[in-house]
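I opened a new notebook page for a structure I had not looked at before. Below is what I looked up, in order.

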Amino acid sequence: LLASLSLFDKATMPKLRAKSLLLTSYMQLLGEAVLVGKGLGVHLITPRDSKDRGCQISVALEEGMVEVNDQLRDDGFLCDARKPDVIRVAPVPLYSNFQDVRKFIFGLESILVKRQSSKAKM
């Protein structure tokens, strides 16, 4: 507990919140461009205005949320599944970075493209 409190003292809450805003803004912009813009059955439902959101982005899927969340977990991404159709992603500023956000968005894109292509073969 003391070690974690020491990290928070060094990082400071204002700096963590500033990084959180940058990470979630980046995730939202990249998600809109890579996921929503390609018609993969994804909608970002978190408010765009940073004053109206916390340290997470909610991704609504038109179908297959449980399977997509399971695949994300298998790929090393820990998300919060909210039935029936929402995955919440939290790029925690104390230990997440912009590369992590990028890996997540493109990882989710890959999962959705594979699902879409396997459905088309049926």
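These are my entries, from the overall build down to single residues.

**Ground rules.** I'm working with a predicted model, in which local features need pLDDT of at least 70, side-chain atom pairs count only at pLDDT 80 or more, and totals for chains, interfaces and linings use all residues. Residues are numbered from 1 along each chain as its sequence is written, and side-chain values use heavy atoms, with hydrogens and water left out.

**Confidence.** I checked pLDDT, the predictor's confidence in each residue, from 0 to 100. The protein chain averages 91, and 99% of the residues score at least 70. Among the elements, helix α1 (residues 2-11) has the lowest mean pLDDT, 77, while strand β4 (residues 86-89) has the highest, 97.

**Overall build.** I found four helices and four strands, where helices (H or I, at least four residues) and strands (E, at least two) are DSSP runs numbered from the N terminus. Their order from the N terminus is α-α-β-β-α-β-β-α. The C-alpha trace spans about 55 × 30 × 25 Å along its principal axes. Of the 122 residues, 35% count as buried; buried means under 20% relative accessible area, exposed over 50%, and partly exposed in between (1.4 Å probe, protein chains only). I also looked at contacts, meaning heavy atoms within 4.5 Å. Among those with a separation of 6 or more, 63% are between residues 24 or more positions apart.

**Helix α3.** Which residues of α3 are buried? In this helix (residues 65-74) they are Met65, Val68, Asn69 and Leu72. Seen down the axis of α3, they fall within an arc of 100°, so they line one face of the helix. Just after α3, Gly76 takes a positive phi of about 95°.

Lys83 and Pro84 are joined by a cis peptide bond, with omega about 15°. Pro84 sits in the loop between β3 and β4. Thr12 has a positive phi too, near 65°, and is a residue other than glycine. I found Thr12 in the loop between α1 and α2 (13-34). Its relative accessibility is 27%, so Thr12 counts as partly exposed.

**Pockets.** On a 1 Å grid over the protein atoms alone, a pocket is an open set of points where a 1.4 Å probe fits, with protein on both sides within 12 Å along at least five of seven lines; lining residues have an atom within 4 Å of a point. The largest pocket has a volume of about 300 Å³. Its lining has 15 residues, and Phe77, Leu78, Ala90, Pro91 and Ser96 lie nearest its centre. Helix α4 (residues 98-121) gives the most to that lining, with four residues.

The second largest pocket holds about 170 Å³ of space. Among the residues lining this second pocket are Gly39, Leu61, Glu62, Arg115 and Lys119. Here too α4 gives the most, with four residues.

Note on methods. Grid points are joined across faces, edges and corners, and a volume is the space filled by probe spheres set on the points. The arc is that of the directions from the helix axis to the C-beta atoms.
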